[in-house]
Structure formats: C-alpha cells, structure tokens
Amino acid sequence: MIEWTRDQRELRAALPPLGERLGEGLRERDRAGEFPYEQWKLVREADLLRLPFEERWGGLGQDLLTTMYVLEGLGQSCRDGGLSFSVTTHMVSTGVPLQRFGSEALKERFLPSVCSGELIGAHAITEPESGSDMLSLRTSARVEGDELVLNGSKAFVTNGPVAGLYVVYVSTGPQGSPFGLTAVLVERDLPGLSVGRPMEKMGLRTSPLCELFFDDCRVPLSNVIGRVGAGFLVFDHVMKWEVLCSFAVNVGEMQHRVDRVVEHTRTRRQFGQHIGAYQSVARRVVDMRIATDTARRALYDAALKVAADEEATAEVATAKLLASEGNLSTAIAAVQTFGGYGYMAEYGLEQDVRNALAGTIYSGTTDIQRGRIATAMGLQTGHAPHDH
C-alpha cells in the first residue's frame, strides 16, 4: 500500500468543493452535448492541468503516481465524467509527449499554454479504416524542405472541436513498421486542416469529439515531436500515461459509486428491513468494492513499474482491463441496486453506465488488452495492435 505524504494529501483535499462546482448544470450539458467552458476555467484556476509538468514551464512538478492520486480524487468528487476525460486527454495526449520528447524550442513555445489550459490539447490517432491497428495508418506526411505535408483524415478525436493544438500521428515510412510513424504538433489554424463538426455519442457527452481532415496541410518540421520515424515510441509512452491517468479517474468514480450505494442500502427499506440486509444485495455491493479495490491496486502497481522505466506492458494492460470492466460492472450494479430510481436520469446512475461503456473501447479495447497479456505470456506471436 502506498503511503501518501502530507503534501500529496493536501493536493487531493482541495478537490471535493471544486468537484461540486464542476457538476453544476451537468444534466443539461450532458443532454445537449456541450463542452463546459465555465467548468474548464475552474479546472484551470485550480491548477489541475499543471500537475505533471516541470515548474520551468509553469507546472507543479509532480510525478506520475501523485498525478494519478490527485486525478483519482477528481473522479471521486466530480460527477462530470466527460469533463474529467477531457482533462486527462489534454494533459496526457499533448503535454506529456511534448515534455518528454519535444525539442526545447517546441516546449518553450507551447508547454506553458498547455500547462495553463489556455490552449486545449487533443491527439489524433484513430482513422476510419484503422481503429485497433496502429501500424496501418493511412494519413501520410511527406517531407518537403523544412515542412511536413499532411494528407488524410482522423476519426474520434477527443477534444477535437475545442482544441487549439493537436498531436497527430502520421505515416512517414513503410506501412506496418514501427519506424514508419511520426508524431507532429499541428495548430488548429493551419491552412489545409479542417475540423469536423462535433459527433453525437452515447456517453462522455461533455467531452466533444470530431473528425479531422488534412489536405496538403503544411507543418514545420520543427513541430515533429521527437524525430521523424519515432512516432511509435511517443505513442507507446502516451498510452501508458493515458491508461494510468484516465482510469485512475475512473477508480475515483467507482469509489464514489460504492459509497453512494452503501449509503442507499443502509437507508432504503423494503419488506420491513434495509435492503442491505438481503444477501443478494449485500453480495452485489461487496463485488463492487472488490472491483474498485482490485482496479486501484492494479493501476498503482503498474504505475510503479512505469515510473521506474521497467517493462510494464502486461501490467498496464491488466490494469486497464480490470479498471474498465470494473467501472462498467459497478455502474450497472448501482443502477440495479437503486432499482427504478437508478434508471431515472436525475439520479445520474444511467449516465455512469453510458460513460463507463466507452472505457472498454478507448485506449485499447478489452480484446486488445487480453491479446497483449497473451503475447506477454508467450501465447501469441507478432505485435499486439494498439487502439485509441
């Protein structure tokens, strides 16, 4: 069990009152699929977006585990799962690769605005014809002088409609080769980039997504993150952080759900006794706690290995699988425990189910995670495809 320091606990302790303000007007925003600009401003003012970045860029200089711990607190206190998802996407998809692999000039130009949240970040990976197969990207980029010229399209770009900055993964070499990919930072107002309309979706509705279209979009070579051909390395690092940070938020949401269900079973009476006295109900709530505790432990155990630069592919995949499946199962269990009330929108539990289902798809589907674990066990050959 990790022993958190006083400073770490103080960072997290500031979140409950913030979370309450972030949830104001959520039902209406969720119904309309609106990005919460006012709540984003509150997140910026709380310095949440600065967590994992160096102080010289305006960050708080916190490590991976501290960042996860605080984000878990965000999930526990904030009922707007879409906003939380946009926060982690911005932080991890844009800021993390920029800090780890970007040139000094690139960091100096963009990282302060990413830390402050003035520029909202997104990353563009998935394509219409290549969801899980990262090595089959068709969006291409050719080098012309001191520029990359991008052509193609991207689908399901989280934060896309509101972002000012995109980390785009493109093919710059032989298809199927991990050395044929490049990550490049693309500003929204560049000629040749078209941002599609926000797309309606099942859950996480306050976190908008769209398509991007590139038609001879010219980007300075200096905007390449790392170097040409190193995109897979960048992507692999980002995916580890994305799984650990976004699903730490989910564990916080799961813990809030468990606490809420426990309170309900202690106060709701049926047939002359509290419903928690019924064995079937009690077992369901116990399973919720087990799922939450197991996911939390798996995420932080994996994070310890990632932070130590140890091989952690199987551990991250296991943590992602346990957290995403546990988030969905506890959301369904909460609706079942609340009965008819749980099915009503005003209780927010049906929204939890819609939001949680997405977690079994993004950052690598459940099937992809099992494939990665099987490969690590020597049960499969070849690469385990990536998905976002």
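Helices (H or I, at least four residues) and strands (E, at least two) are DSSP runs, numbered from the N terminus. The model is predicted, and local features need pLDDT of at least 70, side-chain atom pairs count only at pLDDT 80 or more, and totals for chains, interfaces and linings use all residues. Residues are numbered from 1 along each chain as its sequence is written, and side-chain values use heavy atoms, with hydrogens and water left out.

**Stop 1: alanine 333**

Select alanine 333, which lies in helix α10, residues 313–338. Is alanine 333 buried or exposed? Buried means under 20% relative accessible area, exposed over 50%, and partly exposed in between (1.4 Å probe, protein chains only). Alanine 333 has a relative accessible area of 6%, so it is buried.

Now show its contacts, where contact means heavy atoms within 4.5 Å. Not counting residues up to four places away in sequence, alanine 333 touches Arg284 and Met288.

**Stop 2: helices α9 and α10**

Select residues 279–307, helix α9, together with α10. Two packed helices are described by the angle between their axes and the distance between the axes. Axes are lines fitted to C-alpha atoms, for helices over the stretch in contact, and angles run from 0 to 180 degrees between N-to-C directions. The axes of α9 and α10 come within 8 Å and cross at roughly 155°.

Angles under 35 degrees count as roughly parallel, over 145 as roughly antiparallel, 65 to 115 as roughly perpendicular and the rest as oblique. The helices α9 and α10 are therefore roughly antiparallel to each other. A crossing is left-handed if the near helix is turned anticlockwise from the far one by less than a right angle, and right-handed if clockwise. The crossing of α9 and α10 is left-handed.

Next, colour the residues where the two helices meet. On the α9 side they include Arg284, Met288, Ala291 and Ala295, and on the α10 side they include Ala319, Ala323, Thr330 and Ala333. The residues of this contact between α9 and α10 divide into 14 nonpolar, six polar and three charged. Here Ala, Val, Leu, Ile, Met, Phe, Trp, Tyr, Cys and Pro count as nonpolar, Asp, Glu, Lys and Arg as charged, and the others, Gly among them, as polar.

While α9 is selected, find isoleucine 290 in this helix. At 46% relative accessibility, isoleucine 290 counts as partly exposed. Isoleucine 290 and threonine 330 are 40 residues apart in sequence and 9.9 Å apart in space, C-alpha to C-alpha.

**Stop 3: helix α8**

The contact of α8 with α9 has 18 nonpolar, three polar and four charged residues.

**Stop 4: helix α13**

Go to residues 366–376, helix α13, where the buried residues include Thr366, Ile368 and Ile373. The buried residues of α13 pack against α10. After α13 comes glycine 378, with a positive phi near 80°.

**Stop 5: histidine 90**

Histidine 90 is in helix α6, residues 81–101. It is buried, with a relative accessible area of 0%. Leaving aside neighbours within four places in sequence, the contacts of histidine 90 include Trp40, Val114, Ile120 and Asn159.

**Stop 6: the cysteines**

How many disulfides does a search of the whole structure find? A disulfide is a pair of cysteine sulfur atoms within 2.5 Å, and the search finds zero. The sulfur of cysteine 78 is 16 Å from the closest cysteine sulfur, in cysteine 245, which is too far for a bond. Cysteine 78 counts as buried, at 1% relative accessibility.

**Stop 7: two positive phi values**

Aspartate 47 is in the loop between α4 (37–45) and α5 (64–77). Its phi is near 65°, a positive value in a residue other than glycine. Aspartate 47 counts as partly exposed, at 30% relative accessibility.

Last, select phenylalanine 156 in strand β3, residues 147–158. Phi of phenylalanine 156 is positive, near 55°. At 48% relative accessibility, phenylalanine 156 counts as partly exposed.
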